[in-house]
Amino acid sequence: MQNSTSRLANFVLPREEMVTALLRRAQDRGELSPGRNVETLLALIHGAFWYRLLNRWVLDAGFAREIVAETFA
């Protein structure tokens, strides 16, 4: 059984790195305002998903689209 440090390294961290890279690329391309704080957006995005997951709420493509729309608004 994996310990919590291993789960963090194998599951959470790669996803955080992926979303951070996506947000930074969006800033570089002018799709996301340079004034937006990528680390804060990352925390908001992951927080929303984990909150829904932990409360057994729906995690679907529609919710993902809402997150994207709010992030890039």
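In the protein chain, 38% of the contacts with a separation of 6 or more are between residues 24 or more positions apart. Keep in mind that this is a predicted model. The mean pLDDT of the chain is 90, and 96% of its residues reach 70 or more. Among the elements, helix α1 (residues 4-28) has the lowest mean pLDDT, 87, while α3 has the highest, 94.

Let us start with the overall layout. The protein chain holds three helices and zero strands, and from the N terminus on its elements run α-α-α. Along its principal axes, the C-alpha trace spans about 45 × 25 × 15 Å. Of the 73 residues, 21% count as buried. The protein chain exposes about 5,600 Å², and carbon and sulfur atoms supply 59% of that area.

### Helix α1

Pro 14 has its place in helix α1. Is Pro 14 buried, partly exposed or exposed? Its relative accessibility is 34%, so Pro 14 counts as partly exposed. From Pro 14 to Ala 61 there are 47 residues in sequence and 20 Å in space, C-alpha to C-alpha.

Thr 20 also lies in helix α1. With a relative accessible area of 18%, Thr 20 is buried, because buried means under 20%. Its side chain reaches the backbone oxygen of Glu 16 at 2.8 Å. If you leave aside neighbours within four places in sequence, Thr 20 is in contact with Val 38 and Leu 42.

Gln 27 is another residue of helix α1, and it is buried, with a relative accessible area of 18%. Leaving aside neighbours within four places in sequence, Gln 27 is in contact with Leu 32, Ser 33, Pro 34, Arg 36 and Val 38. The side chain of Gln 27 also reaches two backbone oxygens: that of Ser 33 at 3.0 Å and that of Arg 36 at 2.9 Å. Gln 27 and Thr 40 are 13 residues apart in sequence and 14 Å apart in space, C-alpha to C-alpha.

| Side chain | Backbone atom | Distance |
|---|---|---|
| Thr 20 | oxygen of Glu 16 | 2.8 Å |
| Gln 27 | oxygen of Ser 33 | 3.0 Å |
| Gln 27 | oxygen of Arg 36 | 2.9 Å |
| Asn 37 | nitrogen of Glu 39 | 2.9 Å |
| Thr 71 | oxygen of Ile 67 | 2.7 Å |

Which residues of α2 are buried? They are Val 38, Leu 41, Leu 42, Ile 45 and His 46. These residues cover an arc of only 120° around the axis, which puts them on the same side of α2. An α-helix has 3.6 residues a turn, so residues three or four places apart point the same way. On the other side of α2, Ala 43, Leu 44 and Leu 54 are exposed.

Arg 56 sits in the loop between α2 (38-54) and α3 (61-71). Arg 56 has a positive phi of about 60° although it is not a glycine. Most residues other than glycine have a negative phi. Arg 56 is also exposed, with a relative accessible area of 78%.

### Helix α3

In α3, the buried residues are Phe 63, Ile 67 and Thr 71. Seen down the axis, they fall within an arc of 75°, so they line one face of the helix. The face turned away from this buried side carries the exposed residues Arg 65 and Glu 66.

A polar atom of its side chain lies 2.7 Å from the backbone oxygen of Ile 67. Which residues does Thr 71 contact, leaving aside neighbours within four places in sequence? They are Leu 23, Leu 32, Arg 36, Leu 41 and Ile 45.

Terms used
Residues numbered from 1 in each chain as written. Predicted model: local features only at pLDDT ≥ 70, side-chain atom pairs only at ≥ 80, totals over all residues. Heavy atoms only, no water. Helix = DSSP H or I, 4+ residues; strand = E, 2+ residues; numbered from the N terminus. Buried < 20%, exposed > 50% of the residue type's maximum accessible area, 1.4 Å probe, protein only. Arc of directions from axis to C-beta. Polar contact = N/O pair within 3.5 Å; in protein donor to acceptor, adjacent residues only side chain to side chain. Contact = heavy atoms within 4.5 Å. Areas by Shrake-Rupley, 256 points an atom, 1.4 Å probe, with all protein chains shown as cover. pLDDT = per-residue confidence, 0-100.
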